[in-house]
Amino acid sequence: MSKEVRLAFAHPSERAEAMAGADPLDRISLRDHIVEVEIGAFQAERGVTQRICFNVVVEVQPLTGPIDDDVDRILSYDRVTEAIAAELAVERLALLETLAERVAERILLEPQAARVFVRIEKLDRGPGALGVEIVRARSDRSEERRVGKECRSRWS
């Protein structure tokens with residue numbers, strides 16, 4: 001199996017490590033975070049909840065100065081789970097792709113976040129896990145989309 005194929009099916013943390021450049025960033029991760037939610041494009045998915053699993057790796061800018069064991073100096077795991085919960089609370093979605101994009105955008109609002117790997121899998125839809133994985137960076141066009149979305153929400 002080629003390295004590219006193996007990495008395609010690897011955990012996001014392994015992919016983040018493999019994609020690290022000359023100056024690797026620090027990483028925080030959330031693994032196997034399972035929530036029940038109504039999501040899906042098919043009629044059979046309407047009106048029922050299903051388990052979806054989130055795996056998220058966030059590459060963060062290293063801190064300058066000591067951490068001083070102070071949670072307010074870091075991008076905490078709570079901010080990642082809060083981003084997931086906030087996006088799930090906005091509206092019922094049909095696509096995991098939409099949810100992954102929105103979670104990534106919300107995480108990239110955090111000042112320390114530089115790049116995020118989001119994998120979401122439906123656990124109850126088939127014989128295995130069905131899902132999507134995206135990678136977004138602060139330098140991506142997500143900033144332009146976010147500004148556009150904020151402008152639209154202010155005027156609607």
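This note comments on one helix and on selected salt bridges of the structure above.

1. The model is predicted: local features need pLDDT of at least 70, side-chain atom pairs count only at pLDDT 80 or more, and totals for chains, interfaces and linings use all residues. Residues are numbered from 1 along each chain as its sequence is written, and side-chain values use heavy atoms, with hydrogens and water left out.

2. Helix α3 covers residues 77–90; at 1.5 Å a residue, its 14 residues should span 20 Å, which agrees with the 21 Å between its end C-alpha atoms. The expected span is 1.5 Å times one less than the number of residues, and helices (H or I, at least four residues) and strands (E, at least two) are DSSP runs numbered from the N terminus.

3. Val 80, Ala 83, Ile 84 and Glu 87 of α3 are buried (under 20% relative accessible area; exposed is over 50%, partly exposed in between; 1.4 Å probe, protein chains only). Seen down the axis of α3, its buried residues fall within an arc of 95 degrees, so they line one face of the helix; the arc is that of the directions from the helix axis to the C-beta atoms.

4. Glu 45 and Lys 122 form a salt bridge at 2.6 Å, N to O (a side-chain nitrogen of Lys or Arg within 4 Å of a carboxyl oxygen of Asp or Glu). Glu 45 lies in the loop between β1 and β2 and Lys 122 in strand β3, so the pair ties together parts 77 residues apart in sequence. Salt bridges link Glu 45, Lys 122 and Arg 125 in a network.

5. Arg 79 and Glu 110 also form a salt bridge, with their closest N and O atoms 2.7 Å apart. Arg 79 belongs to helix α3 and Glu 110 to the loop between α4 and β3, 31 residues apart.
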